[in-house]
Amino acid sequence: MQVLTDFFIGWLKYDFVKIGLVGVVLFAPMYGMLGTMVVSGKLAFFSDSLGHSALTGVAIGAMLGLSSQIPSTVAFGVVFAIGLTVVKSRGKASTDTTLGVFSSAALALGLVLMSLGGGFAKYSSILVGDLLAMQSTDLIPLAAALVCTAVYMTFRYNKLLLAVSQPAIAKSRGINPMRIEVEFACVLAAVVMLSIRWVGVLMLNAMLIIPAACSRNISASVRKYVTVSIVFATASGIFGLLLSFALGTASGATIVLVLAVIYVYTLTYVK
Amino acid sequence: MKHNGETACGACCLQTKNLTVERDGLVILRDVNLHVHCGEVTAVIGPNGAGKSTLFEALLGQSRYSGKIEYLDANTNTRRKPRFGYVPQTLSIERLAPISVADFLLASITTRPVFFRSAKKDAERIRASLKRVNAEDLAERRLGTLSGGEAQRVMLALALTPTPDLLLLDEPVSGMDEAGRGAFYNAINILKETLDVSICIITHDFTFVNRYADNAVLLNRGEVAAQGRAKRVLAGEVFKQVFGMAGIS
């Protein structure tokens, strides 16, 4: 009973829940939208590597003694994303092997840097993330990122879709798929790095991919695919956050479980 | 000769001079000299590994090459970069991919993002281009569920929007049944007669070359072994040597 009360009205008393909810409403639509392209472009492993690299970014920020780790994390993420995209396209080894190497190297480097001073424990929260630890000042960069992502996707979606799904045809029509993909990787990296502290390294990829994967099961057109993915991401974000508050569980993981349930349900619709 | 708008003038042409492609130290194409006119169908034939697809890649600017590729626009009498329409061998896409035929075409020809409702004039435009290849009923189908022949027609519709200077078809009928082939070739023939476009087609179907192609280029081991009027190339000695069989009369 207490759980139900907390879920429906109990949270109204707490500002940190309200801030968390606003945060979710700001970042979930970005995840829903970018996720459609990650899934269509088979970039799931790529975004996973990006998440792992966040550890290194945060560690570098801490070592440089920056007051906020956001700039260093975003900068590192963008550089890592560009490097990864270029190596992936130039490399002779298969993509999953290349990404596997980069992903584990980024993770290892992050762990080494963080444990240098013997203080890994103070960073461990970044692995799981905590949406309810958001401050109201954290909402500003998220809001800016949402606007930028929406503008970027509006102007680039068509080219991006053609570049990731039919690169040969894209090239013949004067599109440079490599450039388009690098751009997307940078935007994705920035969004991932901005939100990684709340979402958590371990949960990041699930939040990025599952909404789009659910939507893919029930959509036959791009319009429905994108819309439904954004709706799923946002709705399960809100629902999962309140549920985690009521149950006292990890917020990111709870959201991911809600998404997983939706995914299983949408599987029954696959034609 | 001047254009009369739609139909071919026969004077626009694409020329390659000593087109050579090297990859990893291997010469894949050597000194290819082509001359392709609008209003004509040029068949590119040759055994596997002869460099046919590489020739297309070089034309499309996807492979690094040496030599020259020039396009002369007879209408303005200027040399410029030609506009290509390219139809790859197959359309590889997951069956479940949530992209309809209309989405695919709209994404390629408009800048308005396809997750918005499409503008009326754009919808009209893609309907018209699908109609041209008898595929207007495919607009709402998922791209991944099209049969080989349907996918080819959709890609052809896209390649023709906007009308290119040069239409490149890479083995378009492989995997199609007899009826599908016939329909596809008829469509190509109509295009040739109604549009101001040069058509280059990689094919192993010599009956087609004999019936519809004006010119043929026979590639063997990266070099042009023979080129000229299609019937003559098919009847020539080189053709017999390369394919080890009698030409088609």
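Start by selecting T254(A): does T254(A) count as buried or exposed? At 8% relative accessibility, T254(A) counts as buried (buried is under 20% relative accessible area, exposed over 50%, partly exposed in between, with a 1.4 Å probe and protein chains only).

A word on ground rules: this is a predicted model, where local features need pLDDT of at least 70, side-chain atom pairs count only at pLDDT 80 or more, and totals for chains, interfaces and linings use all residues. Residues are numbered from 1 along each chain as its sequence is written, chains are lettered from A and ligands numbered from 1 in the order in which they are written, and side-chain values use heavy atoms, leaving out hydrogens and water.

Stay on T254(A), which sits in helix α12 (residues 251-267) of chain A; helices are DSSP runs of H or I, at least four residues, numbered from the N terminus.

Next, pick F184(A), one of the residues with the most contacts inside the largest nonpolar core, which has 140 residues. Such a core is a set of buried Ala, Val, Leu, Ile, Met, Phe, Trp, Tyr and Cys residues joined through side-chain atoms within 4.5 Å. Helix α2 (residues 15-40) of chain A gives the largest share, 14 residues. Finally, jump to V32(B): a second, separate core of 26 residues includes V32(B), along with V44(B), L55(B) and F56(B).

Definitions and conventions: Helix = DSSP H or I, 4+ residues; strand = E, 2+ residues; numbered from the N terminus.
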